[in-house]
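Please look over the structure below with its chain contacts in mind.

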Amino acid sequence: MSPEERAFQERVDRGEKIEPKEWMPEGYRKTLVRQIGQHAHSEIVGQLPEGNWITRAPTLERKAILLAKVQDEAGHGLYLYCAAETLGVSRDELMEKLHNGSMKYSSIFNYPTLNWADIGAVGWLVDGAAIMNQVPLQRTSFGPYSRAMIRICKEESFHQRQGYDIMMKMAKGTPEQRAMAQDALNRFWYPSLMMFGPSDKDSVHSAQSIAWKIKINTNDELRQKFVDQTVPQAEYLGLTIPDDNLRWNEEKGGYDFSEPDWSEFFEVIAGNGPCNKERLGARVKAWEDGAWFREGLMAHAEKHGKRQAA
Amino acid sequence: MSPEERAFQERVDRGEKIEPKEWMPEGYRKTLVRQIGQHAHSEIVGQLPEGNWITRAPTLERKAILLAKVQDEAGHGLYLYCAAETLGVSRDELMEKLHNGSMKYSSIFNYPTLNWADIGAVGWLVDGAAIMNQVPLQRTSFGPYSRAMIRICKEESFHQRQGYDIMMKMAKGTPEQRAMAQDALNRFWYPSLMMFGPSDKDSVHSAQSIAWKIKINTNDELRQKFVDQTVPQAEYLGLTIPDDNLRWNEEKGGYDFSEPDWSEFFEVIAGNGPCNKERLGARVKAWEDGAWFREGLMAHAEKHGKRQAA
Amino acid sequence: MGALEASVDRASLFEFALRMGDNTLILGHRVSEWCGHSPVLEEDIALANTALDLIGQTQMWLGLGGEIEGKGRTADSLAYLRDAAAFRNLLLVERPNGDFGQTLMRQFLFDAWHLDMLKALERSADSRVAEIAAKAGREVAYHLERSSDLVIRLGDGTDESHRRMQAALDDLWPYTGEMFLADAVDAAMAEAGIAPDPASLKPHWQAVIGEVMGEATLTVPDSGYSHKGGKRGVHTEHLGYILADLQFLQRAYPGAKW
Amino acid sequence: MGALEASVDRASLFEFALRMGDNTLILGHRVSEWCGHSPVLEEDIALANTALDLIGQTQMWLGLGGEIEGKGRTADSLAYLRDAAAFRNLLLVERPNGDFGQTLMRQFLFDAWHLDMLKALERSADSRVAEIAAKAGREVAYHLERSSDLVIRLGDGTDESHRRMQAALDDLWPYTGEMFLADAVDAAMAEAGIAPDPASLKPHWQAVIGEVMGEATLTVPDSGYSHKGGKRGVHTEHLGYILADLQFLQRAYPGAKW
């Protein structure tokens, strides 16, 4: 470690926030850009599975809540792109990388939303898992990221409650609604567990991120915490988690549970999820179809600037 | 009249059929091309308002019947374009004229189909009016046109019965269905009367067409006949024709009825109907989007021809 | 208020509330179709926000409608359990989204009318109407600010953005006349001081349109033809498809709570 | 037949009938969306005819399904009153129409499987299944003749038509694998001699595809990834929208006769 690196690490260890203009290791910057960018992309792509039910939301109030939620997600995308921009990478560059496939978004959004309870499950499980990841990141070492996370976490926990509220209505509703709720849980359970990523016990990468406080907990820690939190919620709903191996382990003070099918995870990451092509395709189409709009605004700004100058 | 013209007129008067390769006055040819072409276009454009309900037909049987009907209409278009082609004008030329607005199609298809009973009303009233126009044209002087009309009339009367059957089910159904049936009749009544065209008592054009047996009856004759046929059918359905002036006239042995609003007719002809832009737009889009398909088939035929020759 | 209700035809007031609420419901639906598909992130946010405002206004107008009707129908049952012929929105708001320029132009043409209408309704003799109008008016003032600004910038942007905005204006123009046509319901509302005579809104609307189009370097069409029918339930073929999606769950699972 | 029914799980036979009938219903729906919008008049006719055949086959398969289930459900109630998760069609048939090339390619990939399936079903131990298969098989033989011919001509047409057909093939290929995957229902059907093991259809299907694609100068993708789920009710997001339209009237007016 160079003296600079050592000083940097000591600041991190002391819990100081690193600000954009301050010196940082290149690896720290790169890892942050990748992590924040991927998170931003996830917010943007994440509009799509939920957007799929806005026009079909079952009441005006549910429609309004869902619209507000999707709006928040786009807003989160905005905060995060801004945080990434402080590291010297523009939103357009990040978008370009999303569109050409060189940056990823959270794999969970490659699963379809097939019935209204899925909107509940996304709030309850997907936002629940996201919060589990994000709450510790409020203490991350990079200032702008930490501050973005603080804002985001506040809204996400609201979203999670709304999701759980939908699940509650469905689980306590007609037999058909109950079946939808169970179906949604069945389909979203393992993909939600996958959101924490594969076990990182052997990953050097993870260890470095933890040292830098870009990552606060291991994937397995967070996954266990998520399961422990979610199982009683499912019980309260009267729904069954689709895992025959799920049981309370007194000794460890947590649940034993089945690992998700990691081969599916890697398939989805590789592009072979149920909706990869459609999700990315929708974003690329939006971007390409909107080129004239963005160009029109720029041209106007230029003309207008010139005129004012003249 | 030249001797040729006189001989031609005598053949027509004797009820002989004129065949494509035989001599005919230029005006006869032109009028026929316009009339047959317009009729063909109407069949094609006429697929759209009915096609609008295929995906939403209320039973599998109704869906099948509607599909068969729309298929028949495309088939009628085909016969008619073939009949026009015997007069030396290609289908592509006629299509081009439809697409650039220099040829018309029946204005009735510029009205929307807004509820399922409209599909009944189209069969009952629109096909009913069409048949009223077409039955006499089976005796038209131009052979290919006459033969096309004979085939078409057979199918159209079948369609009309199916339309009436839908109306019957709706008119004898739930209060909502009954309301839909009445609503459909309200909206389609006057446009159906317009299908016969404005009164032609002063039209020289019409007189010539009648002499040539391209037109067999006057517009007013056919309209009267249509009203006289339709009123009892509406009564049988228990529906009210939206005309306060409608009453039986013992003296003339037919109904007195209100004229449609001819200013609306001319507006629609001029392009200002509820659906003109969308109907023609849909056809132009189909044609333009399909260019690669037609070109692909031609290219294949050429290659294939060459290969077989080689 | 009781006195007022007696003095005006309840059925007309109900119709009027439906007209306002159906406009916002159907336009909100169309706008929400863009979620996640717009040209730039800021627009995703703005469109979701606009749709959200419109759905909120729908709850108020249709809620009032149900209250006036007095047959126990709620904003939800009015939104989800009427078929197309019972809808009272302007044809303009059910036009397909088209490209983003068409969506924006539709929004601007509607916003300009909507704001003037709401301003007039703030002075309604019916306090419930006035209250809703005041609340909605604040939101719609912002909608208009946004849509007029974008129309100007895109009209006076590139050749392509200009062309698209002009095409959108030409396309939608024949659907604007319906906003100013009056029928017996409107006459009854004007008579009772509940709502303005629709025709009275036209001069200012035209002035706003003229000014914005001038800045946008766009040409206001001089065609006088108007599509109409929405206010009395004769819609375009698009509305049926909108309702098929919008109402699916309520139709498929009658009586369920969500 | 009574004996046969006893020997095979009724629920499995019901599932099997739904799978056949839902395939034809949903594909028929998709194809019918083209009515009046195809590239050439002959295609308008051919597509309407194909959709008509498929809807007719739907009536037979779902009719049989209702009969097997024995709870009074008809072909119509099965088509119109089930929600997406109860549908059993292959994901392939719910793919959006895309351009005409994608519609044709989807048809060809399905027709080739469908014909082989029906031929095998003609030898079914269940005479009702065999009868439907014989009737449908005659229609589908013609569908395949037509779709394979067009795929060849467009694949080996212009550069553009070639490019579009190859893109369609690449796009749809991951949806073909599901046709050959077996589950407990398929195993029960094969065991009882009612239907073939799905995997047994693969070699001939591959041969047909290979031959046609060869003539069409198109390249069969070597990707082995398969989307799946349709046969057990886990569909794509498209099916819900299809059903919203398809079922609207039956959902909105329960119990009405049409």
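Predicted model: local features only at pLDDT ≥ 70, side-chain atom pairs only at ≥ 80, totals over all residues.

Residues are numbered from 1 along each chain as its sequence is written, chains are lettered from A and ligands numbered from 1 in the order written, and side-chain values use heavy atoms, leaving out hydrogens and water.

**Chain D with chain B**

- Chain D brings 49 residues to the contact and chain B brings 47; contact means heavy atoms within 4.5 Å.
- About 4100 Å² is buried between chain D and chain B, and carbon and sulfur atoms carry 68% of it. Buried area is the accessible area (1.4 Å probe) that two parts lose on being put together, summed over both.
- Three salt bridges link chain D and chain B. A salt bridge puts a side-chain nitrogen of Lys or Arg within 4 Å of a carboxyl oxygen of Asp or Glu.
- There are also 14 residue pairs in polar contact between chain D and chain B, both residues at pLDDT 80 or more. A polar contact is a pair of N or O atoms within 3.5 Å; within protein, one must be able to donate a hydrogen and the other to accept it, and residues adjacent in sequence count only if both atoms are side-chain atoms.
- Helices giving at least two residues to the side of chain D that touches chain B include α2 (10-32), α3 (41-69) and α6 (127-155) of chain D. Helices are DSSP runs (H or I, at least four residues), numbered from the N terminus.
- α3(D) gives the most to that side, with twelve residues.
- By class, the side of chain D that touches chain B has 24 nonpolar, 13 polar and twelve charged residues. Ala, Val, Leu, Ile, Met, Phe, Trp, Tyr, Cys and Pro count as nonpolar, Asp, Glu, Lys and Arg as charged, and the others, Gly among them, as polar.

**Salt bridges between D and B**

- E42(D) and R91(B) pair at 2.4 Å, N to O. This pair runs from helix α3 of chain D to helix α5 (residues 91-99) of chain B.
- R91(B) is buried at 16% relative accessible area, while E42(D) is partly exposed at 33%. Buried means under 20% relative accessible area, exposed over 50%, partly exposed in between (1.4 Å probe, protein chains only).
- D156(D) and K303(B) meet at 2.9 Å, N to O. D156(D) sits in the loop between α6 and α7 of chain D and K303(B) in helix α13 (residues 291-309) of chain B, so the pair joins two chains.
- D156(D) is buried at 6%; K303(B) is partly exposed at 30%.
- D44(D) bridges to R283(B), with the closest N and O atoms 3.6 Å apart.

**Chain C with chain D**

- Ten residues of chain C contact ten of chain D.
- The buried area is about 930 Å², with 55% from carbon and sulfur atoms.
- D83(C), F248(C) and R251(C) supply 51% of the area that chain C buries against chain D.
- Zero salt bridges are found across this interface, but two residue pairs are in polar contact.

**Salt bridges elsewhere**

- The whole structure holds 70 salt bridges over all chains.
- E19(A) and R147(A) form a salt bridge at 2.9 Å, N to O.
- R11(A), R14(A), E16(A) and E22(A) are linked in a salt-bridge network.
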